[in-house]
Amino acid sequence: MADFQEVSYNSPIEGEISENAGNAHEEDGEELTTLDEPVKDTVLRDLKAVAQKFSHIVYPRKNSVLLRDWDLWGPLILCVIMAFLLQGVKDEKTGGGGPQFAQVFVVVWVGAGIVTLNSQLLGGHISFFQSVCVLGYCMFPLVVAMVFCWTVVKLISHQTAILVVLRLIFTSVGYGWSIFASLTFLGDSQPVGRKALAVYPICLFYFILAWMVATYS
Amino acid sequence: MTSHNSDWGGFSSGDEQTSTQDQAQHSSKSAIIDMGNMDDSSVTSSWEDVGDTTHRVKDSSIEGQEGPGMVSGISGNLGKAVADQMWQSGQQQARKMIDVYANIDILRPYFDVEPKVLLFRLGSSFLPLRSLTTPQKIPNELYGPLMIVFTLIAILLMNMKNAGTVLQQGTLMGTAFGICFGYWFGVSGLIYFLAYLCNAYISVVQCLSLLGYGMVSHCIILLLGHFTHYSHGVFYFLWAIVAGASAARMITVLLSRTVGKSQRLLLCITISSFHMLFLLYLHFAYHQVVKDILETLDKDLIPAYQAAEDNIRVARDEPESEIAAT
């Protein structure tokens with residue numbers, strides 16, 4: 001016990017604690033208002049933040065919002081939409097079917113994880129979840145293409161060549177858009193001479209997703 | 001708590017004894033180690049304190065002013081207290097965290113490559129060596145091979161989908177992952193084992209790198225097959241020329257590092273046969289699957305299948321009798 005008394009007596013930590021306490025008091029009011037607000041307001045505020053981030057993807061420009069205020073809600077929503085739409089009907093004759101929900105889910109998250117890990121290993125100065133957030137949000141154009149393909153397949157039973165080409169074009173545009181958006185946000189985080197090394201796995205990741213979208217039937 | 005205190009006390013006193021014995025000879029060495037301990041900001045505060053304490057103890061022993069007062073000083077107590085707390089509460093968590101970061105740091109040198117060097121290595125993976133007199137260097141790099149394996153997975157997925165491969169147990173993605181990584185790790189491990197037996201000095205990473213760059217030929221041939229739907233003749237031609245060149249590269253590299261005819265023969269036959277047969281397997285198992293299975297079916301069933309040939313998907317991991325029954 002005597003040791004601990006000496007420690008507390010000699011350490012200069014006390015001053016810092018009081019400073020922290022002062023800051024906590026200052027922020028107290030804001031926290032209380034956040035806690036007291038209706039759930040609807042909280043949800044709406046979060047949805048607004050997610051929608052704002054989607055707008056950054058639609059019109060990609062140098063902006064640190066995605067990196068600074070990262071969240072995984074947007075990627076989760078996009079991933080769930082894509083997995084639901086890609087969910088294939090089981091073929092009773094052969095036992096096969098389209099990609100299953102869990103498969104798409106795993107591909108998206110494991111793929112984003114691998115790409116992020118690769119950028120970390122190459123020396124990129126970006127945190128793990130920031131990168132996963134950007135990669136997830138940048139799936140947005142591909143999800144739009146997926147919705148288009150799904151609508152075309154469901155509404156029109158007989159797929160003509162024009163429709164297939166149209167689907168391919170939509171998917172290609174979505175693919176290009178996704179890469180362009182992700183490079184806008186992640187490009188600066190890579191070492192100067194090695195941007196190409198970080199870009200290749202991103203292209204491969206989105207290519208597999210785009211291929212799944214394009215081959216949906 | 002008290003027992004740990006005594007442990008730490010014992011540790012420091014033991015260190016002190018050894019330091020007094022060896023100080024005259026190794027004073028500069030131990031000082032460097034202590035400075036490293038002190039300067040390393042990534043270690044926890046407890047270790048810094050312990051290093052600090054031992055450093056001071058050693059300093060005191062150098063000056064010949066060894067006394068109990070230094071150990072029981074304020075800083076020493078602080079170090080003991082913090083070290084005890086850390087030792088009891090956060091040892092495992094800290095070790096886990098350090099392990100994670102250490103693993104990333106361990107892997108980082110293998111990903112240290114310039115794009116130009118990478119392109120050069122990709123190109124030279126098809127060029128066999130001309131001179132076998134000097135041992136050829138094998139790059140200790142994993143970025144290129146890893147990306148080649150991922151590319152092969154993507155191409156294999158496209159081929160599987162194109163060929164209408166259906167798996168009763170498992171998914172296309174999982175199968176492609178399993179095949180490519182299984183081949184890469186499995187054959188690399190085997191080559192490493194054989195190289196160890198044959199005294200070819202090659203590390204595991206070098207094996208992975210050598211085999212990984214060899215898989216570029218698989219990617220090129222399968223990708224061409226996906227887009228052009230070439231005949232078997234064209235495939236065999238590409239198989240012999242492109243995959244053969246890449247196998248020749250691997251063989252010559254291994255030859256330059258191995259001494260002894262039988263050892264060379266063993267290594268070269270193993271790596272080349274695995275390399276060439278793997279491509280054959282990928283082509284015939286996942287590229288022409290529908291056609292080949294249809295050819296093997298009974299003639300009576302063929303008209304029924306041909307009527308709906310566009311929609312046919314045959315489970316690859318089901319016995320043919322069951323397929324025929326459906």
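# Checking the labels on a predicted two-chain model

Reader: How many aromatic pairs are there over all chains?

Author: The count over all chains comes to 22 aromatic pairs. Rings of Phe, Tyr and Trp (its six-membered ring) pair if their centres lie within 6.5 Å; planes under 30 degrees apart are stacked, over 60 edge-to-face, and the rest tilted.

Reader: Why is the pair of B:Phe150 and B:Phe181 given its class?

Author: The ring centres are 5.6 Å apart and the planes stand at 70°, so the pair is edge-to-face. B:Phe150 belongs to helix α7 of chain B and B:Phe181 to helix α8 (residues 172–197) of chain B, so the pair ties together parts 31 residues apart in sequence. A helix here is a DSSP run of H or I with at least four residues, a strand a run of E with at least two, both numbered from the N terminus.

Reader: What do the values rest on?

Author: The model is predicted, so local features need pLDDT of at least 70 and side-chain atom pairs pLDDT 80 or more, while totals for chains, interfaces and linings use all residues. Residues are numbered from 1 along each chain as its sequence is written, chains are lettered from A and ligands numbered from 1 in the order in which they are written, and side-chain values use heavy atoms, without hydrogens and water.

Reader: Why are B:Phe150 and B:Phe181 called buried?

Author: Buried means under 20% relative accessible area, exposed over 50%, and partly exposed in between, with a 1.4 Å probe and protein chains only. B:Phe150 has 12% and is therefore buried; B:Phe181 has 16% and is therefore buried as well. Ring pairs also link B:Phe150, B:Phe177, B:Phe181, B:Trp184 and B:Phe185 into a cluster.

Reader: Why does B:Leu152 count as buried, and what does B:Leu152 touch?

Author: Its relative accessibility is 0%, so B:Leu152 counts as buried. B:Leu152 sits in helix α7 (residues 143–163) of chain B. Not counting residues up to four places away in sequence, B:Leu152 touches B:Cys180, B:Met215, B:His218, B:Cys219, B:Leu222, B:Phe278 and B:Leu282; contact means heavy atoms within 4.5 Å. Between the C-alpha atoms of B:Leu152 and B:Phe177, 25 residues apart along the chain, the separation is 9.2 Å.

Reader: What secondary structure does chain A have?

Author: Chain A has ten helices and zero strands. Of its 217 residues, 41% count as buried. Among contacts in chain A with a separation of 6 or more, 71% are between residues 24 or more positions apart.

Reader: Why does A:Thr116 count as buried?

Author: A:Thr116 has 0% relative accessibility, so the label is buried. A:Thr116 lies in helix α6 (residues 101–121) of chain A. Leaving aside neighbours within four places in sequence, its contacts are A:Phe128, A:Ser131, A:Val132 and A:Leu135.

Reader: Which residues of chain A does UniProt list as "transmembrane region"?

Author: The unreviewed UniProt entry lists several spans of chain A, including 101–122 and 165–186. UniProt positions are in the numbering used here, feature names are shortened, and annotations may be inferred rather than shown by experiment. In the model, residues 101–122 of chain A are 95% helix and 0% strand, with end C-alpha atoms 32 Å apart. Residues 165–186 of chain A are 100% helix and 0% strand, with end C-alpha atoms 31 Å apart.

Reader: What makes the salt bridge of A:Asp71 and A:Lys53?

Author: A salt bridge needs a side-chain nitrogen of Lys or Arg within 4 Å of a carboxyl oxygen of Asp or Glu. For A:Asp71 and A:Lys53, the closest N and O atoms are 2.4 Å apart. The pair links distant parts of the chain, 18 residues apart: A:Asp71 in the loop between α4 (65–68) and α5 (73–86) of chain A, and A:Lys53 in helix α3 (residues 39–58) of chain A. Both A:Asp71 and A:Lys53 are buried. Over all chains the structure holds five salt bridges.

Reader: Which side chains meet B:Asp112 in a salt bridge, and at what N to O distance?

Author: B:Asp112 meets A:Arg194 at 2.3 Å, N to O. This pair crosses between chains, from B:Asp112 in the loop between α5 (91–107) and α6 (115–124) of chain B to A:Arg194 in the loop between α9 and α10 (195–214) of chain A. Salt bridges with shared partners join A:Arg194, B:Asp112 and B:Glu114 into one network. A:Arg194 has 14% relative accessibility and so counts as buried.
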